Amino acid sequence: MVSSINKRGCSHEGCMDSNTAPELHTIWSEAKAHIEQGDYDKAIEIYRYVLVRYGDDDIAVEYANAYLGDIYL
């Protein structure tokens, strides 16, 4: 996962706004841990959750779809 400062001032790509930043940071970290352990099914489940829970957040959806694509490649 990319850890850089985005245009919204977040140090993690999961920071969409001040209301969702803590939960999304935790979600991205958990998914990353599952990927590093080779548990891709659990990571896929987490990214699908993001698509449902944050479907109205374009940035969260973009990242979740990109990470899903990476897993399936």
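I started with burial: tryptophan 28 and tyrosine 67 are both buried (under 20% relative accessible area with a 1.4 Å probe, protein chains only).

Before going on, a note on what I'm looking at: this is a predicted model, where local features need pLDDT of at least 70, side-chain atom pairs count only at pLDDT 80 or more, and totals for chains, interfaces and linings use all residues. Residues are numbered from 1 along each chain as its sequence is written, and side-chain values use heavy atoms, with hydrogens and water left out.

Next I looked up the rings. The whole structure gives 5 aromatic pairs (Phe, Tyr or Trp ring centres within 6.5 Å, taking the six-membered ring of Trp). Tryptophan 28 and tyrosine 67 make one, edge-to-face (planes over 60 degrees apart), with 5.8 Å centre to centre and 65° between the planes. Tryptophan 28 sits in helix 1 (residues 21-36) and tyrosine 67 in helix 3, 39 residues apart. Helices here are DSSP runs of H or I, at least four residues, numbered from the N terminus. I also found Trp28, Tyr47, Tyr63 and Tyr67 linked into a cluster by ring pairs.

Then the helix packing. The axes of helix 2 (residues 40-53) and helix 3 (residues 58-72) come within 9 Å and cross at roughly 155° (lines fitted to C-alpha atoms over the stretch in contact, angles from 0 to 180 degrees between N-to-C directions). So I have helix 2 down as roughly antiparallel to helix 3 (over 145 degrees). The contact (heavy atoms within 4.5 Å) includes Tyr47 of helix 2 and Tyr67 of helix 3.

Conventions:
Helix = DSSP H or I, 4+ residues; strand = E, 2+ residues; numbered from the N terminus. Parallel < 35°, antiparallel > 145°, perpendicular 65-115°, else oblique. Phe/Tyr/Trp six-rings, centres within 6.5 Å; stacked < 30°, edge-to-face > 60°. Buried < 20%, exposed > 50% of the residue type's maximum accessible area, 1.4 Å probe, protein only.
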